[in-house]
Amino acid sequence: MATASAHLPIQKRQSHEHNGEPGCQGLEEMNRMFRNFWDPTAYWVCDKQGTRARLQRCPQAQLYSEELGRCVHYADWAWTDPKEPPSRPKISQSVSTK
């Protein structure tokens, strides 16, 4: 029995091991929005150098466009390959699992 997914186009996209969170270590990362690799409705913002990035959500029915640097209506959004942030969170900045 065929499923509906059998008719969808095959998309070859790289799977990312991290969600794109920047490390907020350099001045070039401050007050910028960075794509969340795993959730197109969300993006990261570096408010202060040396601190964790803040996760923000786009308004309802919008997705974050890395190309435009802002949230856009889902009908206007197009997939682009994610770009690595300038830095990644240090191990000591990782979220505790306790």
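Analyst: The largest pocket is lined by 13 residues, and R32, M33, F34, R35 and E66 are the ones nearest its centre. This is a predicted model, in which local features need pLDDT of at least 70 and side-chain atom pairs count only at pLDDT 80 or more, while totals for chains, interfaces and linings use all residues. Residues are numbered from 1 along each chain as its sequence is written, and side-chain values use heavy atoms, with hydrogens and water left out.

A pocket here is an open set of points on a 1 Å grid over the protein atoms alone, where a 1.4 Å probe fits, with protein on both sides within 12 Å along at least five of seven lines; lining residues have an atom within 4 Å of a point. The volume of the largest pocket is about 160 Å³, counted as the space filled by probe spheres set on the points, which are joined across faces, edges and corners.

Strand β1, residues 33-35, gives the most to this lining, with three residues. Strands are DSSP runs of E, at least two residues long, numbered from the N terminus. By class, the lining has six nonpolar, two polar and five charged residues. Ala, Val, Leu, Ile, Met, Phe, Trp, Tyr, Cys and Pro count as nonpolar, Asp, Glu, Lys and Arg as charged, and the others, Gly among them, as polar.

C24 is not a glycine, yet its phi is positive, at about 55 degrees. N31, also a residue other than glycine, has a positive phi near 55 degrees. C24 counts as buried because its relative accessibility is 0%, whereas N31 is exposed, with a relative accessible area of 65%. Buried means under 20% relative accessible area and exposed means over 50%, with a 1.4 Å probe and protein chains only.

Key. Helix = DSSP H or I, 4+ residues; strand = E, 2+ residues; numbered from the N terminus.
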